[in-house]
Amino acid sequence: SKRLYAEVFEPMILTGLFAPGAQCSAAAAMGMAYFFVLKSQTSFDVRWCRGNVGDKIFRPWVELMEEKGVKTMPNTRVADLVAHPDDPKRLKGVAL
C-alpha cells in the first residue's frame, strides 16, 4: 500500500541508499533490503524518528554547528576538502 511504502520502505531506502526511492532502481532497493533486513533479522533494530527528520535531527545539528562558527551554505557543492598543512588529518577548509 502507499502508506506501507511511505512509512516503512521509503525511510529504509533513504537510510540505506541515501537517496529517495524514486531515484533508486528496484534491484538496488531489494538488494539493500535483503542485506540489511532479511539476511540479519536477529540483529536488525530500527528506531523511527517521531516527526520530520529535518526538524528533529538536522536543524538542531546545523544550529549547534552555526553557534560554534560553522558557516552553512545550502545548495552548494563542495569540490574538494583542504587539509591543514601541519596536520593532514585536520581539515583547514573546503574548496567550492
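## Aromatic pair

The structure holds one aromatic pair. Phe58 and Trp61 form this pair, with ring centres 6.1 Å apart and 45 degrees between the planes, which puts it in the tilted class. Rings of Phe, Tyr and Trp (its six-membered ring) pair if their centres lie within 6.5 Å; planes under 30 degrees apart are stacked, those over 60 edge-to-face, and the rest tilted.

Phe58 and Trp61 are three residues apart in helix α3, and so are separated by about one helical turn. Helices are DSSP runs (H or I, at least four residues), numbered from the N terminus. Phe58 is partly exposed at 43% relative accessible area, and Trp61 is partly exposed at 47%. On this scale buried means under 20% relative accessible area, exposed over 50%, and partly exposed in between (1.4 Å probe, protein chains only).

## Basis of the values

This is a predicted model, in which local features need pLDDT of at least 70 and side-chain atom pairs count only at pLDDT 80 or more, while totals for chains, interfaces and linings use all residues. Residues are numbered from 1 along each chain as its sequence is written, and side-chain values use heavy atoms, with hydrogens and water left out.

## Salt bridges

The count comes to two salt bridges, each defined as a side-chain nitrogen of Lys or Arg within 4 Å of a carboxyl oxygen of Asp or Glu. Arg59 forms a salt bridge with Asp55, and the closest N and O atoms are 2.5 Å apart. Both residues lie in helix α3 (residues 53–67), four residues apart, about one turn of the helix. Arg59 is partly exposed at 46% relative accessibility, as is Asp55 at 40%.

Arg3 forms a salt bridge with Glu7, with the closest N and O atoms 3.0 Å apart. Because they are four residues apart in helix α1, Arg3 and Glu7 are separated by about one helical turn. Arg3 counts as exposed at 61% relative accessibility, whereas Glu7 is partly exposed at 44%.

## Nonpolar core

The largest nonpolar core consists of six residues: Met12, Ile13, Ala19, Cys24, Ala29 and Met32. Helices α1 (2–17) and α2 (26–38) each supply at least two residues of this core. A nonpolar core is a set of buried Ala, Val, Leu, Ile, Met, Phe, Trp, Tyr and Cys residues joined through side-chain atoms within 4.5 Å. In soluble globular proteins, nonpolar side chains tend to be buried together.

Apart from its neighbours within four places in sequence, Ala29 is in contact with Ile13 and Leu17; contact means heavy atoms within 4.5 Å.
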